[in-house]
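Here are my notes for a first look at this model. Have the sequence and the 3D view open as you go through the points.

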Amino acid sequence: MNLLTVSEFDGVQAVKGTFQLGGVRMNVYMYLVDELLIDCGPSRLQKDISDFLSNERFTQIILTHHHEDHTGNASIVPGSIPIYIHPTGIPLCRDKPHLPLYRRVFWGSRKPFAPKGIEHRIKTKHHTFELLHTPGHAPDHFALLEQNQGWLFTGDLYVMSHPKSIFAFESIPDVIQSLHHVLNYDFDTVFCSHAGVLQNGRKRLEEKLHYLLSIQNQVLQKHSDGKTASVIQKELFPDRHVLNYFSLFENSSKHIITSILHKNGLH
């Protein structure tokens, strides 16, 4: 099931794609505000997204990061429209991605494209967005802050408050640092790429930070008690869910444990 729906919040258009495959269901959002398109969605929705954009005016695109559910339609954007990404994402976009099968099936792949690097801010006619580098989910991950409106576009920094598993390429300590970073700023509303518009967004990000700090402390304490990563995993996260199996455990609670131990020089 693939669906594309559009809603509006405070002048921001939230473009929601809904995917379901087997027992896995997920939403992905793009946002259009003041002729700025934030992300361009997965290629699985290329026709629907192309039809939507053909009726809208947008003069520039910024990508929160290079993953295919955020960049899948970049190659079909007219060359006259600039596409921006954090500089570390440029080589990741210029090359054809080598995606595991489940991601190709779920989101679709994407063709290589050549975005431009940007680091500090992006301006539209009525807004200035400060660009906050927030690695952890991806090395090139950005959050966009519009301080006058109290908006924070978080890409995949939030997604959920209490994650029980992460992908092998993610780092819990880096996510913690990025959450600390954005919470230094004033904002109220979070525009998440998977959870949608969160009017109590600051509270949700604080909740995630407190949860991850608690998990990190527990992992380090259990490791100092002599427990192995597999034992810690079984004690903290005894259950598995369908995405773990669907991804062949590229998504797993194991990666929460190992990312914490690795960052702290422990094995």
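1. Let's start with a term: a salt bridge here is a side-chain nitrogen of Lys or Arg within 4 Å of a carboxyl oxygen of Asp or Glu. By that rule, searching the whole structure turns up eight salt bridges. Side chains of opposite charge can pair when their charged atoms come close.

2. Some housekeeping. The model is predicted, so local features need pLDDT of at least 70 and side-chain atom pairs count only at pLDDT 80 or more, while totals for chains, interfaces and linings use all residues. Residues are numbered from 1 along each chain as its sequence is written, and side-chain values use heavy atoms, with hydrogens and water left out.

3. Now the sheet. Helices (H or I, at least four residues) and strands (E, at least two) are DSSP runs, numbered from the N terminus, and two strands pair if DSSP finds at least two bridges between them. Six strands make an open sheet with mixed pairing, in the order β8-β9-β10-β11-β13-β14. At the edges sit β8 (121-123) and β14 (196-198), each pairing on one side only. From one strand to the next, the twist averages 20 degrees.

4. A helix lies against this sheet. Helix α6 (residues 201-224) packs on it, touching β11 (151-155), β13 (189-192) and β14; contact means heavy atoms within 4.5 Å. The direction of α6 makes about 70 degrees with that of β13. For such angles, axes are lines fitted to C-alpha atoms (for helices over the stretch in contact), and angles run from 0 to 180 degrees between N-to-C directions.

5. What does β10 pair with? On one side, strand β9 (residues 128-133) runs antiparallel to β10 (residues 142-146), and four bridges join them. H133 stands opposite F142, and E130 has L145 as its bridge partner. β10 also pairs with β11, again antiparallel, over three bridges, with L144 opposite F153. β10 and β11 form a hairpin with four residues between them, and G150 in the turn has a positive phi of about 70 degrees.

6. Is β10 buried or exposed? Buried means under 20% relative accessible area, exposed over 50%, and partly exposed in between (1.4 Å probe, protein chains only). Five of the five residues of β10 are buried, so the strand is largely enclosed by the rest of the structure. In a regular strand the side chains alternate between the two faces of the sheet. Here both faces are covered, with F142, L144 and E146 on one side and A143 and L145 on the other. F142 counts as buried because its relative accessibility is 0%.

7. R103 and E68 meet in a salt bridge (2.8 Å, N to O). This pair links distant parts of the chain, 35 residues apart: R103 is in helix α4 (residues 101-106) and E68 in helix α2 (residues 68-71). Both R103 and E68 are buried.

8. K222 counts as buried because its relative accessible area is 18%, whereas K227 is partly exposed at 29% and E235 is partly exposed at 38%.
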